[in-house]
Structures are given as C-alpha cells and as structure tokens.
Amino acid sequence: MPLPKAELHLHIEGTLEPELAFALAARNGVTLPFKDTEELRRAYDFRDLQSFLDLYYGLMAVLRTEDDFAELADAYLTRAAAQGVRHAEIFFDPQAHTARGVPIGTVIEGLATALDAAERRHGVSTRLIMCFLRDQSADSALETLESAKPHLHRITAVGLDSAEAGNPPSKFREVYEAAAALGLRKVAHAGEEGPAAYVREALDVLGVERIDHGLRCMEDPELVERLARERVPLTLCPLSNLRLRVIDLLEEHPLARMMDAGLFCTVNSDDPAYFGGYVGDTFHAVREALGLSEDRLRELARNSFEASFLEDDEERRARLIAEVDAYDFGVELQE
Ligand SMILES: [Zn+2]
C-alpha cells in the first residue's frame, strides 16, 4: 500500500494522456497534428515552460463536452488513487476552454460529475481550484470570475498559472479581491520561472494562503525566513522542474535544502501526463535522487494534508494524518 498523501498542485488539463487525447479526438472529429501516440509522446521533450505550454494548449482542442471533462478527471483520479492519493485539490483553466468556444459551465459541471463520485469510487476527497491565465489580461480574469458565479458552490479557491515571466501577481489584485469577497480561498503560482519578488507579491498583494512552486525563494534568505516563520505551504513539483529545465538534474533539486531550512514543503505532480510521472512516482524519484529519509517522506505526506483546504472536514484530515503517522515503509519496500 503506497504512502497516503494529498495532491495540491495538479492541473487537470495536464493529466491528458496521449491515448485519451486520441480517443477524444476521434469522438469529437478533431484532427491532431500527430500521426499516433508515439509521435505525440516524442513531442514531450520540452525546452522550457513556453514550449510545453504551446503543446499543452494545442492538445486541449480535443476536450469539448461535459463527458470529456468527466472522463479526463476520472482517469486522473483512478491513477492518483493507485499511488496513494486520498485527497486532491484540482486546478482547471477555464479561459483555455472558453477561448475555444466551450462554455465554462460545460467545464465545471463535467469535472464536478467525476469529482462528486470520487470519494465513493476512488476513496479520494476533492476540491476544485479555478485558475486564471496570467498571460491574459486582468479584465479577462474578471470576466471569467463573473461567468463562474452560477457554479461557485463547486469551487473552493482561485489560482494563477501559465507563463510567469513578465506577468507579476500584482496584475491580478482586483480579481483576487473580488474572489475573496465571494468567499473563495486563494493560491498562486510564483517563483517558478519568475523571481523571488513574485512570491512576496503573491503573499502581500494577492493575500494567497499557499504558493505553488516557489522554489526560487531560495535566492532570497529573508523571504525563506519569512515563509518558514509564517508556515506558508509551498506546492513543489520536482519532476516538472526537471522537464521544464528549471533544474538540470533531479539531484540538484532544492527540496531537501528547503526542508532543512524549515520550509513547509509538499510534493506534487503538476502536469503528470507531460512530466513523466504521477505524484507517487514523484515521491519515489525524489526519494532516490535526494536520498530522503522515511521521516522526511512522512513529513511531506503529513504536510500535504495539513496544507489542504480540509477545514470543512477536520475529522477526515485528522484520520488521514493518523494514517501517515502509522504508515509502515517496510510494507512498501517488500512489494
Ligand atoms: Zn502548475
């Protein structure tokens, strides 16, 4: 049995495996610019964030109906549950779909169909986080929030993702204030490709509760000290950093140094279909590459539940943390 964990940094669009992409393309009459799944997999050799984003948004053309989104989410939950995920807070990018003529209600209600059944079918509790594309305008983000209003009961928080460089958090101050007024919680990607200063802005200008990625905080000792003191969760994605060339080797990933510095770290998969592994694979990879002890792995798993938005179900949170504390790594090694 794998170590129980929560996944807090997962883009549902980034779970689109080549096989499902081709199946949905056939169903929806969409022609993909790839001969087969093999040729598509070969296109996953990214130079940087932008080259990934180009392919990522291109492939989304196959997602058109509520059933497509439900199938996508259910496929993720099946894989995640098999790797020990017991709670998942799932990002989605409405603008990437509305720009193609897919209504926001189709996206949200499709995902919700799979999420509503997730606890029964997979033993995974879920929350939905609506992300704004930071390379789009602040007005577009505001329009997106407005159009999501009929579906707000499905959404727990807002987030900020896509191309970071040149798109500082402060650009989205107004939409984050509006989201908070609607009772939504707040997270944002910061300090992945962008500088440590963007992490400060996300905290001070947007008032986020978690930083997605944030590893570039390590360039700013004062910020590290503050993040540790305020126990701000960081949702790190080591395999993503490797595939997008934020680091050259997994052995160079700052995760262990960040934990040594007292930072509140979690490990996640980001866009697992594209980055070579789901969250259990990621735990295995960092354990190998960084020589993490069982205590460190347990700390990461415990952190994932502590940092999750489970305030409305503290009983479940406590039960899951107790499972982490009682977890026997010997069992896993014998498998
Ligand atoms: Zn991400």
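1. His 11 touches Phe 91, Asp 93, Asp 161, Asp 270 and Asp 271, leaving aside residues up to four places away in sequence; contact requires C-beta atoms, placed from the backbone, within 7 Å. With 27 C-beta neighbours inside 10 Å, His 11 counts as buried (20 or more other C-beta atoms within 10 Å of its own; exposed is 12 or fewer, partly exposed in between).

2. This is a predicted model, in which local features need pLDDT of at least 70 and side-chain atom pairs count only at pLDDT 80 or more, while totals for chains, interfaces and linings use all residues. Residues are numbered from 1 along each chain as its sequence is written.

3. An unreviewed UniProt entry lists His 9, His 11, His 189 and Asp 270 under "binding site". They span 262 residues in sequence, yet no two of their C-alpha atoms are more than 11.8 Å apart, so they gather at one spot. The UniProt positions follow the numbering used here, feature names are shortened, and annotations may be inferred rather than shown by experiment.

4. In helix H15 (residues 279–290), the buried residues are Val 279, Gly 280, Thr 282, Phe 283 and Val 286. They cover an arc of only 160 degrees around the axis, which puts them on the same side of H15; the arc is taken over directions from the helix axis to the C-beta atoms. Just after H15, Gly 291 takes a positive phi of about 60 degrees.

Note on methods. Two residues are in contact if their C-beta atoms, placed from the backbone, lie within 7 Å. Helices (H or I, at least four residues) and strands (E, at least two) are DSSP runs, numbered from the N terminus.
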